[in-house]
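I opened my notebook on this chain to look up its contacts, its charges and its surface. My entries follow in the order I made them.

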Amino acid sequence: MSCAACAARIQKNLQRAPGVREAAVNFGSERATVLYDPGATGLPGLVRLIRDTGYDARLAEVVLQIAGLEWAASGEPVERELQRVPGVLRAVANIATQQARVEYLPEATPIEELARAVDRAGYRLAEPVAAADPAEREQAAREREVRRLRARFWFSLAVGAIAMVVSMPLMMTETAASGADLFQRLLEPVSIGLAIVAPWLYRVDADLLRWTLLALTTPVVLWAGRQFYRGAWSGLLHRTADMNTLIAVGTGAAYLYSMVATVAPAVFTRAGLAADVYYEAVAVIIALILLGKMLEARAKGRASDAIRALIRLQPRTARVVRTGRERDIEVDRVAVGDVVVVRPGERVPVDGVVLEGHSAVDESLLTGESLPVEKAPGAEVIGGTINGSGAFRFRATRVGRDTALAQVVRLVEEAQASKAPVQRLADRVAGVFVPIVISLAIVSFVVWFDFGPEPAFLFGLVSFVTVLIIACPCAMGLATPTAVMVGTGAGAERGVLFKGGAALEQARRIDTVVLDKTGTITEGKPRVVELVAGQENAAPNSASFASLRWNSVEVLRLAASVERVSEHPLGAAIVEAAHERNIDLPEPREFESYSGRGARAVVDGHEVLVGNRALLDERGVDAGGLAAQAERLAAHARTPVYVAVDGRPAGLLGIADPVKPTSRRAIERLQGLGLDVVMLTGDHRRTAEAIAREVGVERVRAEVLPQDKVLEVRRLQREERKVVAMVGDGINDAPALAQADVGIAIGTGTDVALEASDVTLIGGDLNGVVTAIRLSRRTMRVIRQNLFWAFFYNVLGIPIAAGVLYPFFGVLLSPVLASAAMAFSSVSVVGNSLRLRRFQPGVA
């Protein structure tokens, strides 16, 4: 793809294909994302459609050496299993050579799946599959492209410089006869100096100079500029036009005109026209356009640096314990359940749980957390993080594409391949841009030819070529995707994952941030910090119970027995407190959970209620003197949990969930961005208000049931017209995350919450919310700058190229200067986007 018009054309054809539900082609990342019905179409059909449009897909090929294939009656079973692997385009098995040749999409096909497909066919690989990493392959391809463009640029520039010197005598003659354009005026001092240094050049026959220029320029056109003419020819065959068309028509017209003027000058002289030549302009134009494409390719490669940096975090090998011995194996061969050994200073190869040993692990490159995290038996470790001075062993729990690092890379790739809504305008303009420019160039030629001064034909030709050359759809096509690529990459490096360009754009509009309390503002690890026994000595329903005297241990035992089958974080804290005191817990019967209020069960023959005041009121239990104790606990930011037995209050548990050390500062920074911050919790109002005071939140919504969180978000959106970001981490936050304009999930939370969110914070620090919003604002500012420059450049440049300044100032823009401007426009857009790599979360 050479410009945004190419991407728009491919996207339109993909969207029209049978079975395709959705297609998005990103010019910046050079990727197409297609959602299709596999029953109606498939990968071969999609690739064929792209080829029929005049382009191609970036494919890879691998040869598998298969043991035992020589005994097979046919290679069809192997081919069938290989072709079932997602991303495989074609598979051909050869029994004679015991090989299978597979053509596949490297970004879509996990290489280890090919080995599994061979296993399913009843065979095995004779040797491990050797395939380059997709990101490394893409980088290598881009480096080859840059080298190719560099070689052609330097060749074109050298020829252009020589052609310019050789054409000086002709240029001065043409200037005297037909007037000078801006570029020729700039070269007049050079021509005078050349006449002094090399006067013999001005005595050479003009025809010989023209033939020399033809011989010099032809290799530039046929070799260095071949990609433009080939692309234009392909577009002609498919009845389309793009940037290649503009360049090919513009330089081709100048080259063919010059060639006719050289080979058959009488054609022009008989018509009363000067046989002028523009060889030096053709060579320099191609050189400058190649320079622009080379710088653009290099800059686009740098836009993907974030993904490559993430991929490089994973080590190539891992040290595992098998058959009682430590051995180094390729990281792709690590299996779930393997015991992995990590020594001081090494990278953790895959995700797992520590079995033995202690150390501190640097997770900053993945989570943005600056301080090393202590690891002991039972702690989770993340693949790609750096071990400190200790050593430990861990059991692998996630490997391959299931590791946290692989999922982060996949999320960033998907985000970079997506389109932001702001890009729609540029896409619509790109779809009609080239035909409009060609029409304007023709109109410009006609106006000059009919109304311009003599030689009107030459003036018309120059304006025609200049309009075609200066127009640049590339800048419009790169304005949004390059900024999205760099912005999402910068976010990933700082522990913030945007799920797409739409999320990145929408985050800029946020004016209200709703924070779930537990696990978001607080640590999410509540602990029982106080036990209050009730004053009741007996329950009238049970004679055996009358002998019991309430004490804190008995209250805790009853409550923990009920909560042992509960999944609520407060219930887990109660059970943990009982285990710490070595209290034996009987099995509860007839357990019932009351969402947002508590639970009920029968323990030792007694009905036990554990929950908040609403549950007691609902069941007709009078809290009695415990109500005052509950108020006291709540005032000290402790959640009161009532315990009632057989319809009588038995005691009270005070549970505290420590506030994260970074929460207050993060909330101050959010408020400093002009955002309203709302805390949402199911806790007792006094508890919620105490925590809100501690972290500086003024708006609190307490005693909100889980199912009502989504209603609160909806109320803010509808009644207060707010653009809401919801930040949470639990399963009960998922509906609210989905309802919010931007759902932000804490990465330490549940998979359900992560799936429902638009933005994921890898760590648990609320400062990540600040980073996400600041980065969104900065990225959108860069996108607006890019779009303004791209549109302003074309709106201003095309009329100047057409010659609107000539009647007032006598200035006609040269095609050479037009090509330089065109090359600069796209490079400037990409360069502006790359500034996002220097984004600092603490700077607006």
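**Entry 1: the whole chain**

I began with contacts, counted when heavy atoms lie within 4.5 Å. Of the contacts in the chain with a separation of 6 or more, 68% are between residues 24 or more positions apart. I noted that this is a predicted model, where local features need pLDDT of at least 70, side-chain atom pairs count only at pLDDT 80 or more, and totals for chains, interfaces and linings use all residues. Residues are numbered from 1 along each chain as its sequence is written, and side-chain values use heavy atoms, with hydrogens and water left out.

I looked up the secondary structure next. The chain has 33 helices and 27 strands. These are DSSP runs numbered from the N terminus: helices are H or I with at least four residues, strands are E with at least two.

Then I turned to burial. Of the 844 residues of the chain, 52% count as buried. Buried means under 20% relative accessible area, exposed means over 50%, and partly exposed is in between (1.4 Å probe, protein chains only). The accessible surface of the chain comes to about 36600 Å². Carbon and sulfur atoms hold 55% of that surface. The areas come from the Shrake-Rupley method with a 1.4 Å probe, and for residues only the protein chains shown count as cover.

**Entry 2: salt bridges**

How many salt bridges does the structure hold? I found 42. Each is a side-chain nitrogen of Lys or Arg within 4 Å of a carboxyl oxygen of Asp or Glu. Side chains of opposite charge can pair when their charged atoms come close.

I checked arginine 509 and glutamate 505. Their side chains meet in a salt bridge at 3.2 Å, N to O. Arginine 509 is partly exposed at 37% relative accessible area, whereas glutamate 505 is buried at 5%.

My next pair was arginine 564 and glutamate 587. The closest N and O atoms of this salt bridge are 3.6 Å apart. Arginine 564 lies in the loop between α22 (552–563) and α23 (569–580), and glutamate 587 in the loop between α23 and β18 (589–594), so the pair ties together parts 23 residues apart in sequence. Arginine 564 is partly exposed at 37%, and glutamate 587 is exposed at 54%.

I then looked at arginine 699 and glutamate 720. They form a salt bridge with the closest N and O atoms 3.1 Å apart. Arginine 699 sits in strand β24 (residues 699–701) and glutamate 720 in the loop between α28 (709–718) and β25 (724–728), so this bridge ties together parts 21 residues apart in sequence. Arginine 699 is partly exposed at 29% relative accessibility. Glutamate 720 is partly exposed, with a relative accessible area of 29%.

I also found a network of salt bridges. It links Arg589, Glu590, Glu592, Arg600, Glu607 and Arg619.

**Entry 3: surface patches**

Which residues gather in a patch of positive charge on the surface? I listed Arg302, Arg781, Arg784, Arg835 and Arg838. Patch residues have over 30% relative accessible area and no salt bridge; like charges are joined within 9 Å, nonpolar side chains (Val, Leu, Ile, Met, Phe, Trp, Tyr) within 5 Å. Arginine 302 belongs to helix α12 (residues 279–303). Arginine 302 is partly exposed at 41%.

The nonpolar patch came next. Trp233, Leu236 and Leu237 make a patch of about 380 Å². Tryptophan 233 is in helix α9 (residues 226–237) and is exposed at 54%.

**Entry 4: buried positions**

I stayed with helix α9 for glycine 235. Glycine 235 is buried at 6% relative accessible area.

Is threonine 779 buried or exposed? Threonine 779 is buried, with a relative accessible area of 0%. It lies in helix α31 (residues 767–802). Leaving aside neighbours within four places in sequence, threonine 779 is in contact with Ala483, Gly487, Leu504 and Leu836.

Threonine 262 counts as buried at 6% relative accessibility. Not counting residues up to four places away in sequence, threonine 262 touches Arg210, Trp211, Leu214, Val277 and Tyr279.

How values were computed. Lys, Arg positive; Asp, Glu negative; His and termini not counted. Charge placed at Lys NZ, Arg CZ, Asp CG, Glu CD.
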